Amino acid sequence: MTRNAVLQADEQAPLEGVIKGEVLRMYQEVAEHPEGEFHFYHGRQAAEMFGYEREWLDRAPPAAVASFAGVGNPHLRSRLQQGETVLDLGSGAGLDSIVAAWQVGPAGRVIGVDLNPTMCLKAQANATASGVHLDCQEGRMEDIPLPDASADVVISNGVINLSFRKRRVIREVFRVLKPGGRISITDIVSAKQLSQSIVNDAKLWAS
Amino acid sequence: MFALLEDAGFKRIRSTVVPGFAFRKDSTRDAAEEYGVKAVLFTARKPGA
């Protein structure tokens with residue numbers, strides 16, 4: 001790493017902390033007050049927009065559906081099979097984990113990872129109410145709390161873009177996948193480099 | 001993201017733009033359009049097995 005890169009990383013460390021706080025606040029707000037207005041569409045309206053099956057949304061606990069804050073539908077291409085182990089990176093209120101658990105069945109396993117321990121508790125409660133088990137672990141996507149080669153599939157929905165260290169996140173995803181494992185990830189990308197004023201705006205970054 | 005997946009060692013990387021994705025608020029939507037912000041579904045496979 002060059003001296004300039006070290007300086008830039010040092011300068012970004014406080015901003016990264018602010019953004020982490022804003023991300024935690026924003027998504028907890030969606031979970032606790034899903035009736036609120038946000039920069040993004042959320043809840044059933046968003047899930048229907050992205051092609052989630054109506055049967056899933058009727059069957060899942062209303063709290064999990066109302067707090068859905070994804071940007072697409074990773075299940076469209078996940079091709080989950082009975083008995084597989086799935087990691088839901090940034091599992092939030094748990095809708096994607098629950099849908100995955102229905103697909104992998106009782107012989108399979110779904111592990112959620114979320115930065116916010118309160119969200120993990122909510123996701124686990126929503127999963128239990130859906131008749132499935134979710135093992136949700138508090139953790140950072142830059143340092144996934146799973147051993148090497150432990151998942152058949154990694155799904156994620158609108159989360160990796162929130163990280164300041166996307167390269168590290170992707171390397172972590174690669175590490176925890178079994179050989180031959182696969183990803184189905186929906187996320188936000190931009191064609192142009194974002195301006196520094198946007199990068200420095202924790203609220204915009206979190207949205 | 002595509003390059004990050006490739007650099008990490010993923011193979012068979014595919015990407016599809018998520019139809020219908022939009023920000024809700026006009027101000028965010030305008031900024032997103034300016035920067036070519038899109039939602040994308042990525043699939044890829046780790047070699048082996």
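**View 1. Strand 5 of chain A pairs with strand 2 of chain B in a predicted model.** Strand 5 of chain A and strand 2 (residues 37-45) of chain B run antiparallel and are joined by nine bridges; two strands pair if DSSP finds at least two bridges between them. Helices (H or I, at least four residues) and strands (E, at least two) are DSSP runs, numbered from the N terminus. One of the bridge partners in strand 2 of chain B is B:Arg45, which faces A:Arg182 in the bridge. Residues are numbered from 1 along each chain as its sequence is written, chains are lettered from A and ligands numbered from 1 in the order in which they are written. In this predicted model, local features need pLDDT of at least 70, side-chain atom pairs count only at pLDDT 80 or more, and totals for chains, interfaces and linings use all residues.

**View 2. The contact between chains A and B.** Chain A contributes 35 residues and chain B 29 residues, where two residues are in contact if their C-beta atoms, placed from the backbone, lie within 7 Å. On the chain A side, helix 7 (166-176) and strand 5 (177-190) are the elements that give two or more residues. Strand 5 of chain A supplies the largest share, 14 residues. The chain A side divides into 19 nonpolar, eight polar and eight charged residues (Ala, Val, Leu, Ile, Met, Phe, Trp, Tyr, Cys and Pro count as nonpolar, Asp, Glu, Lys and Arg as charged, and the others, Gly among them, as polar).

**View 3. Buried residues of helix 7 of chain A.** These are A:Val169, A:Ile170, A:Glu172, A:Val173, A:Phe174 and A:Val176; a residue is buried if 20 or more other C-beta atoms lie within 10 Å of its own, exposed if 12 or fewer, and partly exposed in between, with C-beta atoms placed from the backbone. Their cover includes helix 1 (2-8) of chain B, as well as strand 1 (85-89), strand 4 (151-157) and strand 5 of chain A.

**View 4. Helix 6 of chain A.** Helix 6 (residues 117-129) has 13 residues and reaches 19 Å from its first C-alpha to its last, close to the 18 Å expected (1.5 Å times one less than its number of residues). Its buried residues are A:Met119, A:Cys120, A:Lys122, A:Ala123, A:Asn126 and A:Ala127. A:Gly131, with a positive phi near 85°, follows helix 6 of chain A.
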